[in-house]
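Dear colleague,

Please find below the structure I promised to hand over, followed by an account of what was found in it.

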Amino acid sequence: MFENKDTSRTAISSLGEFGLIDHLTKHFKITQKSTVLGIGDDAAILDFDAKKQVVVTTDMLVEGVHFDLSYMPLKHLGYKSVMVNLSDVYAMNALPSQITVSIAVSNRFPVEALEELYAGIQAAADAYKVDVIGGDTTSSTAGLVISITAIGQVDAKKVTRRDTAKEGDLIVVSGDFGAAYLGLQVLEREKQVFKVNPNSQPDLEKYTYLVERQLKPEARKDITALLTKLDVVPTSMIDVSDGLSSEVIHICKQSKVGCNLYEDKIPLDPQVINTCEEFNMDSTTIALSGGEDYELLFTVKQDDFLKIKANPYLSIIGHVVKESEGLHLITRANTKVPLIARGWNSLEENE
């Protein structure tokens, strides 16, 4: 279905580990003032403003668990692997400045395949103005593993955590939910069709938004900039990677508060609504539990309501209550049901 017809292959072993690193990273440029020394020595050297705090996050993506190369192009995978990490930095209200890239790869991948992967990483680094300052490569006996560490910086007065939401705060989200999960379902369906009929061509035109949200997500750097412009400092924040309900529960449990979330306030794209009808799925369930949206979920003081209420990029979906009141979803029928985390769990997948 997405077969690469190019038959030219250069064995990784022909370059050796250091030759491969040099080959894959030769086009990376340094753009950040805080990067004193990048790739090429035993370690990178960074110099941050003493008034800033540094945030560091790492994510690992494993073939067969987090991605399927039968429909995930390697260039998209490289791009997405960076987004996963940058999203975590933005969720701290910080700006990412550097990343390191480590891969474990089997000999079934030629150098040309890794060039595609690194082209996606470079595209992401260029678009989000982060420096690639190092990493590692090693061999793998079972497919491809990517581990990226992102480093960012934030004014100490503006850093946001998960455990600082307060009773009375408003619960706010960027963007919309459920599209990435449905994009995955569409791609999985086309994969099964292809297995039965290898000559079939996928018809993805009416699912373009869903597929793009799955294969090429974007971290919401615009939202942290918007909040600065609006003079709003969130009281807590998290990125939505494992499902909206899971992330709301993370904030509430770590902040020792409860919440009321309103079903009719959860933003949904029309493609999500239409595709849920086609697949006979409940759109609210998909929005709450789908995952991989990489939107930002945050709480703000009620005093900030007027600053954000009419903003087209933000939606107020609920409010924070006392811990003793519990965590609830208020349905369209105005009934109160417990909010349950049904987000995707990579550890449970293989148990």
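Two strands are taken as paired if DSSP finds at least two bridges between them. In this predicted model, seven strands form an open sheet with mixed pairing, in the order β8-β10-β7-β11-β9-β12-β13. The edges are held by β8 (236–240) and β13 (336–338); each has a single partner strand, so one side of each is left without a neighbour in the sheet. From one strand to the next, the twist averages 25°.

Within this sheet, strands β9 (residues 258–262) and β11 (residues 314–321) run antiparallel and are joined by four bridges. Cys 259 stands opposite Val 320 in β11.

Helix α7 (residues 244–255) lies across several strands, including β7 (170–174), β10 (295–300) and β12 (327–330), and runs at about 155° to β8. This helix contains Glu 247, which is buried yet has no salt bridge. The nearest side chain of opposite charge, that of Arg 162, is 5.4 Å away, whereas a salt bridge requires the charged atoms to lie within 4 Å. Beyond its neighbours within four places in sequence, Glu 247 is in contact with Ile 238, Asp 239, Val 240, Ser 241, Asp 242 and Leu 297.

Helix α6 (residues 221–229) has as its buried residues Ile 223, Thr 224, Leu 226 and Leu 227. Seen down the helix axis, these fall within an arc of 160°, so they line one face of α6. They pack against α2 (74–90), β7, β10 and β11. Asp 231, which follows α6, has a positive phi, near 60°.

Yours sincerely

Note on methods: Residues are numbered from 1 along each chain as its sequence is written. This is a predicted model: local features need pLDDT of at least 70, side-chain atom pairs count only at pLDDT 80 or more; totals for chains, interfaces and linings use all residues. Side-chain values use heavy atoms; hydrogens and water are left out. Helices (H or I, at least four residues) and strands (E, at least two) are DSSP runs, numbered from the N terminus. Axes are lines fitted to C-alpha atoms, for helices over the stretch in contact, and angles run from 0 to 180 degrees between N-to-C directions. Contact means heavy atoms within 4.5 Å. Buried means under 20% relative accessible area, exposed over 50%, partly exposed in between (1.4 Å probe, protein chains only). Lys and Arg count as positive and Asp and Glu as negative; His and the chain ends are not counted. The arc is that of the directions from the helix axis to the C-beta atoms.
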